[in-house]
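Me: I am new to this structure and would like to learn how to read it feature by feature. Could you take me through it, giving the general idea each time and then the case at hand?

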Amino acid sequence: MARYILKRVLISIPVLIGVVFVIFFMLNVVPGDPVTLMMGEHIKPDLIEAFRERMGLDDPFIVQFFNYLKNAVQGDFGMSYKLNREVSGLIFQAFPHTLKLTLWAALVAWIIGIPAGILSAVKQNTLVDRGFMTFSLMGVSMPVFWAGLLLQYVFAYKLGWLPVTGYKTWQAMIMPSLVLGWSSAGTIARLTRSNLLEIMKNDFIRTARAKGLKEGTVVVGHALKNAMLPVVTMMAIQVSSLLGGAVMTESIFGIPGLGRVAVSAIGDRDMPLLQGTIIFTTMLIIAGNLIADLLYSVLDPRIRVE
Amino acid sequence: MSELQKNEELLKITDLKTHFFTHKGVVPAVDGVSIEIPRRQIVGVVGESGCGKSVTAMSVLQLISRPGKIVGGSIRLDGRELVGADINEIRSIRGNKVSVIFQEPMTSLNPVYTVGRQVSEAITAHQAVSQEEARQRVVDMFKAVGIPEAEKRYKSYPHQLSGGLRQRVMIGMAMACQPQLLIADEPTTALDVTIEAQILHLMKQLEHDFGTSIMLITHNLGVVAEVCDYVYVMYAGKIMEQAGIFDLFDHTAHPYTKGLLNSIPKPTAEKRRLYNIKGMVPNLLRLPKGCRFSPRCEYARPECFEHEPELYDAGNQHLVRCFLYKNGGGPA
Amino acid sequence: MQEAIQAAEFAEETTRFMPPREDVEAELLDDTSIWSSLKSMLKNNKLAALSLAVIVIVILMAVFAPIVAPYDPNFQDADNLRFAAPSMAHWLGCDELGRDVFSRLIYGARVSLVIGLVPTLIAMTIGTVMGLMSGYMGKKVDFIIMRFADIVLAFPSLLLAMVVMYTLGASLVNIFIALSIVKWAGTARIVRAQTLSLKEKEFVEAAKAVGVKKWIIMMRHILPNCIPNLIVLFSLNIPDSIMSESSLSFLGIGAVPPSTSWGLMVYRGKQYLFNYPWLTLAPGVAILILVLAFNFLGDGVRDALDPYLKD
């Protein structure tokens, strides 16, 4: 077990380095001189030269990459061109907002998604099932940004129940969490349903019935635990899609999280900031995958007891 | 035992019909089957796969899943009618008075729970006993079904046990409430021959020790010969022949049973080519007219293709569904 | 020798009465069985059939946009028609430049459909080749390709696409490239897994034994068996690509004017959301309907081909 954990952690490290490399490579082949971007057009050439040297911009690409990697490990992602502040500081300022949004959305997704999936499976091919599944598929098919705008129009503008944007009050968090959570809820409900139906075909379910257990015990006690194992893995994928969706949600509801930072970094062509945000977010996702994997191995005795 | 009605069989299935309503049509998997299981006896139900023997067995506890449905007949346990009974009543019988062992010990146990927990669940589902007492009884039962290191095995997960041990766990689970009837659906098919012998021996012993009747579903006539008292031979959803164990082997009547027996290889047989029933099991959606075995039967006569034979009495509790025995005669 | 024959016959006889395994796999699939499964699915699954009809209608509208659209999508009449409300003349109203929203929607369908199909095809072709090579050749090739896939899959696809768009600049063609880069890895993983299990099958072993070349085995023996999986992946990837394009365009780093992308229309309309909601409502509903239709159809396709997907 300990070896398994160690192995999983060790596998993540090259992936993480690869991620940094890919981002670094893509962003550093961009045409356009960062120094001019940062200092404006009318600067004396020798000043630019001196600055380039200090920033290490004349070093070979691979040297620049390893310097960046070395600094990144120590939590230094460089300076933002535009805001002239440390990228790491900006990230840690934005991260709590994204975390809060993502957690709320995940909560919405799980509270709606899992019961909906179970009910649909138990009542397979009934009106309940169809209703939930159409609702889920709509969540999956509806663009996050559009759902956000729709809610803003109805609940903020027409009814005036909730603030249009913001993030400080719990009322302000309702719409963003619902918008972001809905599509995840759809995915989770669909997965829970299909897993549960698949598990219910197993021989051991017949054994459980043959023992004289109540149908509720059979479903909750015997099928659900098996069905939830892949759903736990799904949780990791959900972290990824929630963080992706957070970009849209944050930009609609004006939440100053990582997604919004990334989007405005693109607008400002602020490469170090974009680079730092993306790398940080991806790190979170890799960590999420790792946790899900470990959780899976703890829950599944077939792996745990080996 | 005294309050039990001595005059009725433990289980009496009469004219049972279980059909499957598929989108291709209605499949009459069990098409009017009558089986009686007396107390303290091992009764075999034999036939090729798809003949309806498992469906018959599963119908007793209504473990038939959609699109299957019992559409007619009666199943009486101890004089109590089970067809049409309330699901809660059926549930109180499952695992309690009647329990089942399935073919695949590999997949019949839930992989995410310990075997001990799964067996004790069978006890707590029916009896108000403490967790500790249930646990003790499971350990005792594990010992009774020959699981070594029973205490330790209680905490094992299914994947940690061998096929033979898992099947012993299944038997232990089935016997946990000391049922009156044990339905064993191909209990040894997935096991090695040596393990098979041990499991059969165990079942015989359980019948002896606990007085449990056993309904043994199998395709293997060798297994039947070893343990059964009385045998039903099924083909395409109907009983073709039923007889006491000695009658069946010594005075085999139905051409189908003969075919089955002839295709068991005998070490003493001189000819090398083994016997093979020609043709294939009929598609239940398109049953042949007349006797369902007629297209494959060596003795088939014109009437066999026209009319369906009934079960004719060949004497000595021996019934045969074949026109050859219509007047108590036999094939030339 | 005598004993061997007897043993073989004994084995044959004893297995003859064994119940047949239900999960016997079809080793070599023929196209007709896939086709007939899909056809019977469309007959039985009304939702999928309806979805297909919706998709066909959208495709026809997109192809014949110049005939179907009542106005030129770029014709501006800012003086008279700026923010004109929906009416008989302009079913879905007009935008901030006085352009007919309905006509722009019809032309926008072209963008969505092309985005749905082209990058998906490119990404899946790359993914299939990578997956085949990775699974069949194994060793170093496998290791390198799969680590690459791991890296790509570690990103949220939207963020990676954003980085690519940053590097290449906002334009429709660059969306093709961005989505192809983002989406090949998922296909590669699935094709690899299937290749690994097919590699062990007798018919591949047999082909290898008689000296058939690697590439021919991959293309003739393994690839055809991956087709059901690829069909399902394709049908589920299309809506995903459409959605990604609209998200990128909504963030202002996707399609750029004068393109008439639905995502871009929502992006442009959102500043007038409270006063002229139809400008965001119409393209949003269009995205929802098209993506929903593809998803329903994809679900149906997956269920229909389910027997072929076991691996």
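**Reading the chains and their contacts**

Reply: Let us begin with contacts inside one chain: in chain A, 72% of the contacts between residues at least 6 apart in sequence join residues at least 24 apart. Please keep in mind throughout that this is a predicted model.

Me: What pattern does chain A follow when it is read along the sequence?

Reply: A pattern of this kind lists the helices and strands in order from the N terminus. For chain A the pattern reads α-α-α-α-α-α-α-α-α-α-α-α-α, and the secondary structure comes to 13 helices and 0 strands. The C-alpha atoms of chain A fill a box of roughly 85 × 60 × 30 Å along the principal axes.

Me: How many of the residues of chain A count as buried, as a percentage?

Reply: A residue is called buried when its relative accessible area is under 20%. By that cut-off, 50% of the 306 residues of chain A are buried. The accessible surface of chain A comes to about 14,200 Å², and carbon and sulfur atoms account for 67% of that surface.

Me: And what does the secondary structure of chain C come to?

Reply: Chain C has 13 helices and 0 strands, so that its pattern, by the way such elements are numbered from the N terminus, is written α-α-α-α-α-α-α-α-α-α-α-α-α. Of its 311 residues, 51% count as buried, while chain C exposes about 14,800 Å², with 66% supplied by carbon and sulfur atoms. Among the contacts in chain C with a separation of 6 or more, 73% come from residues 24 or more positions apart.

Me: Which helix of chain C has the lowest mean pLDDT, and which the highest?

Reply: The pLDDT states the predictor's confidence in each residue. Among the elements of chain C, the lowest mean, 41, belongs to helix α1 (residues 2–16) of chain C, and the highest, 92, to helix α3 (residues 46–63) of chain C. Over residues 1–29 of chain C the pLDDT is below 50, and this stretch has 40 contacts in the model beyond near neighbours in sequence. Chain C as a whole averages a pLDDT of 81, with 89% of the residues scoring at least 70, and the model scores ipTM 0.82 and pTM 0.78.

Me: How large is the area buried between chain C and chain A?

Reply: The size of an interface is often given as the accessible area lost when the parts come together. Between chain C and chain A that buried area is about 3,800 Å², of which carbon and sulfur atoms give 80%. The contact takes 38 residues from chain C and 45 residues from chain A.

Me: Which side chains meet in a salt bridge there?

Reply: Across the interface of chain C and chain A the rule finds 1 salt bridge. The side chains of R190(A) and D299(C) form a salt bridge, with 2.8 Å from N to O.

Me: Turning to chain B, how many bridges join strand β1 to strand β2 of chain B?

Reply: Strand β1 (residues 11–22) of chain B and strand β2 (residues 25–37) of chain B run antiparallel and are joined by 9 bridges. These two strands, β1(B) and β2(B), form a hairpin with 2 residues between them, and F21(B) stands opposite V26(B) in β2(B).

Me: What stands opposite T18(B)?

Reply: The residue opposite T18(B) is I70(B), in β4(B). Strand β4 (residues 68–77) of chain B pairs with β1(B) over 8 bridges, again in the antiparallel sense.

Terms used
Residues numbered from 1 in each chain as written. Chains lettered and ligands numbered in written order. Heavy atoms only, no water. pLDDT = per-residue confidence, 0-100. Helix = DSSP H or I, 4+ residues; strand = E, 2+ residues; numbered from the N terminus. Contact = heavy atoms within 4.5 Å. Buried < 20%, exposed > 50% of the residue type's maximum accessible area, 1.4 Å probe, protein only. Areas by Shrake-Rupley, 256 points an atom, 1.4 Å probe, with all protein chains shown as cover. Pairing = 2+ DSSP bridges. Buried area = accessible area lost by both parts, 1.4 Å probe. Salt bridge = Lys/Arg side-chain N within 4 Å of Asp/Glu carboxyl O.
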